[in-house]
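Biologist: Before we discuss anything, could you bring up the model, so that we can go through its helices together?
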Amino acid sequence: MSNSIQKYIRENISTILKILFIYFIGVAVGIIIFIFTDIKTEYINIVSGVFEGVKSDNFEGINVIANGIKNNIIYIGILYFSLITIIAPLIICFFVFLKAIVTGIYLCTLYSVFGVFNGILVSLISVIIPNIFSLIGYIIICTNEINLFKLISQGEKVDIKQVLKHLYFLLISISLISFSIVLEQLMTGISLKIYTNIL
């Protein structure tokens with residue numbers, strides 16, 4: 001681990017841990033929602049329908065990747081737009097929480113569609129591993145936005161050096177998130193083989 005990364009983590013460890021805590025609480029809430037509400041049937045049908053579409057060759061991976069990247073850029077744009085409010089950190093944490101809830105629901109749906117053993121495998125290759133890269137990207141983005149909000153709210157000037165540093169980390173974050181989308185799509189072939197074998 002490079003010195004710059006170690007320094008970044010040391011300087012922002014409190015914010016990083018808070019974002020991680022909110023994320024994992026959100027995943028747990030998503031799991032609880034799936035187990036104790038009636039949405040499970042709807043989500044199982046949606047996910048099964050997607051895999052049936054892939055199996056029938058009605059699924060264009062390049063479109064999924066393009067749409068995934070576009071949706072994430074919109075999501076990032078909304079996070080940045082929140083900086084014009086006085087409750088930006090709360091809005092950022094709320095969106096992280098919502099994203100985590102969706103992840104929790106999706107994980108449960110995969111277990112329901114694939115069963116326990118296959119569900120663990122599919123969740124690992126198509127959700128957990130890609131989400132590691134995506135989560136790192138979003139942690140960097142949210143941490144930098146919260147730091148930027150603190151500077152603005154304290155009336156401090158944001159100099160060109162800070163802007164360039166912020167843009168540098170933003171580029172890294174978007175690259176990590178885009179890579180996670182591509183990786184998830186590449187894993188679709190393996191997930192499809194498992195889905196076909198269990199039918």
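Biologist: In this predicted model, how are α4 and α5 oriented to each other, roughly parallel or roughly antiparallel?

Modeller: The axes of helix α4, residues 88–114, and helix α5, residues 116–153, come within 10 Å and cross at roughly 175 degrees. Since angles over 145 degrees count as roughly antiparallel, the orientation of α4 and α5 is therefore roughly antiparallel.

Biologist: Is T143 buried or exposed?

Modeller: T143 is found in helix α5, and a polar atom of its side chain lies 2.6 Å from the backbone oxygen of I139. Its relative accessibility is 0%, and because buried means under 20%, T143 counts as buried.

Biologist: Where does α1 bend by about 75 degrees?

Modeller: Helix α1 runs over residues 3–36 and reaches 46 Å from its first C-alpha to its last, close to the 50 Å expected for its 34 residues at 1.5 Å a residue. The buried residues of α1 include Y8, N12, T15 and I16. The bend of about 75 degrees in α1 is located at N12.

Biologist: How many helices does the chain have?

Modeller: Read along the sequence, the chain follows the pattern α-α-α-α-α-α-α. With zero strands, the chain has a helix count of seven.

Technical notes:
Residues numbered from 1 in each chain as written. Predicted model: local features only at pLDDT ≥ 70, side-chain atom pairs only at ≥ 80, totals over all residues. Heavy atoms only, no water. Axes fitted to C-alpha atoms, helices over the stretch in contact; angles between N-to-C directions. Helix = DSSP H or I, 4+ residues; strand = E, 2+ residues; numbered from the N terminus. Parallel < 35°, antiparallel > 145°, perpendicular 65-115°, else oblique. Expected span 1.5 Å × (residues − 1). Bend = angle between axes of the 7 residues up to and from the residue. Buried < 20%, exposed > 50% of the residue type's maximum accessible area, 1.4 Å probe, protein only. Polar contact = N/O pair within 3.5 Å; in protein donor to acceptor, adjacent residues only side chain to side chain.
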